[in-house]
Amino acid sequence: NILSYDDKSIAQHLMFVEHQLFCQIIPSEYLNSAWTRENKNQNAYGIISTITHFNNVVNWVSSVVLSEEKVESRRYVINRFLSIAEHSEQINNYNAVKEIISGLISPPVSRLKLTWQGLPNVKLSKFKYFQKLVSEEKDSETLRNKITESSLPCVPFLGLYLHDLIAINERYPDKVNDQINFDKCRKIARVILQAITFQRSCYVIPRKDDNLLHLIENIAHESELEKMLAVSKNLEP
């Protein structure tokens, strides 16, 4: 059970795993939206691995909250996740912050009004702060600025760069007047350079626990929205 460990250790081990995942992405994976193609598992292995881990953590957060039958226990678990998000922000793991908040704002969890109403005001304020931080409003401006201002090591939210690359590919043609569109190439190169900047460092866990690493690397929980919604409605009709 990952939550049997203290929140700071969980955040540190999440950082270690996610920094390694991000660093294994090679520049060519960002080209031609390789992560959306038929051979994505071969041509964009690093990106697909990072996306898969992200989704697994989101589902884990939601599933753990929903696994608690007592409302007090659900509040306790939400408090733990908010604490892990705080520790993650302190060590510049914005990918983890995005994962955790995504799990908490998922429909099955966010609809648990009785659970949320009982959280301490200080925790609700922290939750609202994180919601604003990872919000996609104004092209995720708040999160982008936070990442830009951060020192290394840092794990950014990969989705920002993938979103930018897709937007560039959709907006600009490959050729202009039968000539290579170098303006498009420069825009793509700029995004890729922004991403790989965060690979120029390493993160060392103060006290590495191999068992906790194994648990985080192999997170797998219920991912079907309808099933999780059914559990949620059973907990709080």
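Modeller: S232 sits in helix α13, which covers residues 225–235; helices here are DSSP runs of H or I with at least four residues, strands are runs of E with at least two, and both are numbered from the N terminus. This is a predicted model, so local features need pLDDT of at least 70 and side-chain atom pairs count only at pLDDT 80 or more, while totals for chains, interfaces and linings use all residues. Residues are numbered from 1 along each chain as its sequence is written, and side-chain values use heavy atoms, with hydrogens and water left out.

S232 has 0% relative accessibility, so it counts as buried; the cut-offs are under 20% relative accessible area for buried, over 50% for exposed and partly exposed in between, with a 1.4 Å probe and protein chains only. Skipping residues up to four places away in sequence, S232 touches L66, P108, R111 and L112, where contact means heavy atoms within 4.5 Å.

Now for the helix I'd pick, α5. Of its 11 residues, 11 are buried, so α5 is largely enclosed by the rest of the structure. The buried set runs Y94, N95, A96, V97, K98, E99, I100, I101, S102, G103 and L104, and you'll notice that the charged K98 and E99 are in there too.

Who does α5 pack against? Helix α4 (residues 71–90) lies against α5 (residues 94–104), with the axes 8 Å apart and an angle of about 160° between them. Axes are lines fitted to C-alpha atoms, for helices over the stretch in contact, and angles run from 0 to 180 degrees between N-to-C directions. At that angle, α4 is roughly antiparallel to α5; the classes are under 35 degrees for roughly parallel, over 145 for roughly antiparallel, 65 to 115 for roughly perpendicular, and oblique for the rest. The crossing of α4 and α5 is left-handed, meaning the near helix is turned anticlockwise from the far one by less than a right angle, with clockwise giving right-handed.

On the α4 side, I78, F81, L82, I84, A85, S88 and E89 make the contact, and α5 answers with Y94, A96, V97, I100, I101 and L104. Sorted by class, that is 11 nonpolar, 1 polar and 1 charged residues. For the classes, Ala, Val, Leu, Ile, Met, Phe, Trp, Tyr, Cys and Pro are nonpolar, Asp, Glu, Lys and Arg are charged, and the others, Gly among them, are polar.

Next, the start of α5. N93 is in the loop between α4 and α5 and is buried, at 0% relative accessible area. N93 caps the N-terminal end of α5, with a side-chain oxygen 3.3 Å from the backbone nitrogen of N95.

From α9 comes I147, buried at 3% relative accessible area. Beyond its neighbours within four places in sequence, I147 contacts Y94, P156, F157, L160, Y161 and F198, and Y94 belongs to α5. I147 and K98 are 49 residues apart in sequence but 12 Å apart in space, C-alpha to C-alpha.

Most residues other than glycine have a negative phi, and most peptide bonds are trans. K138, in the loop between α8 (121–133) and α9, has a positive phi of about 55° and is exposed at 69%. D139, in the loop between α8 and α9, has phi near 60° and is partly exposed at 39%. The L152 to P153 peptide bond is cis, with omega near 0°, and P153 sits in the loop between α9 (141–149) and α10 (158–171).

Key: A polar contact is a pair of N or O atoms within 3.5 Å; within protein, one must be able to donate a hydrogen and the other to accept it, and residues adjacent in sequence count only if both atoms are side-chain atoms.
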